[in-house]
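Biologist: Please bring up the model. I have some questions about how it is put together.

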Amino acid sequence: MGSTAGTGSFASTPVTKITDLRGDPCWTEVECSRVLFSPRSNWYLVNLTICAQLESSAATAIENVVSFAASPQTLVEPRVVARVLTAAFRVAWLEIGRCD
């Protein structure tokens with residue numbers, strides 16, 4: 001079970017970690033299959049999560065969608081997609097550099 005956060009009442013809300021050690025989006029307390037949409041969508045969501053750790057604009061876009069301040073389509077706008085692809089290539093380039 002994850003830690004809990006107070007909600008201002010007598011009840012408390014469980015808080016879980018939403019990314020695992022590889023940066024894959026998942027709920028640590030929920031058993032389910034990893035197939036959400038398609039392999040491309042899963043790749044994009046994984047790399048969007050990684051990009052959000054590197055780029056504040058990607059983190060802000062995710063935060064706006066999660067808080068219902070923006071539509072989910074904002075995560076596939078060209079500027080966000082460009083940042084995700086750039087971050088994915090940067091991470092891949094660093095991984096290649098480590099192999100040498």
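The questions and answers below go from the overall fold to single residues.

Modeller: Before we start, this is a predicted model, where local features need pLDDT of at least 70, side-chain atom pairs count only at pLDDT 80 or more, and totals for chains, interfaces and linings use all residues. Residues are numbered from 1 along each chain as its sequence is written, and side-chain values use heavy atoms, with hydrogens and water left out.

Biologist: What pattern does the protein follow along the sequence?

Modeller: The protein has 3 helices and 2 strands. Helices (H or I, at least four residues) and strands (E, at least two) are DSSP runs, numbered from the N terminus. Read along the sequence, the pattern is β-β-α-α-α.

Biologist: How far does helix H1 reach from its first C-alpha to its last?

Modeller: H1 covers residues 39–54, which is 16 residues. The expected span is 1.5 Å times one less than the number of residues.

Biologist: How are H1 and H2 oriented to each other?

Modeller: Helix H2 is residues 56–66, and the two axes lie 6 Å apart at about 120°. Axes are lines fitted to C-alpha atoms, for helices over the stretch in contact, and angles run from 0 to 180 degrees between N-to-C directions. Angles under 35 degrees count as roughly parallel, over 145 as roughly antiparallel, 65 to 115 as roughly perpendicular and the rest as oblique. H1 and H2 are therefore oblique.

Biologist: Which residues of H1 and H2 make the contact?

Modeller: Contact means heavy atoms within 4.5 Å. H2 contributes Ser 56, Ala 58, Ala 59 and Ile 62. From H1 come Leu 48, Cys 51, Ala 52 and Leu 54.

Biologist: Is Asn 47 buried or exposed?

Modeller: Asn 47 lies in helix H1. Leaving aside neighbours within four places in sequence, Asn 47 is in contact with Val 84 and Ala 88. Its relative accessible area is 11%, and the cut-offs are under 20% for buried, over 50% for exposed and partly exposed in between (1.4 Å probe, protein chains only). Asn 47 is buried.

Biologist: Where is Phe 68, and is this residue buried or exposed?

Modeller: Phe 68 sits in the loop between H2 and helix H3 (78–99). Its phi is near 65°, a positive value in a residue other than glycine. At 77% relative accessibility, Phe 68 counts as exposed.

Biologist: What share of the 100 residues counts as buried?

Modeller: H1 supplies several buried residues, among them Tyr 44, Val 46 and Ile 50. For the protein, the buried share is 23%.
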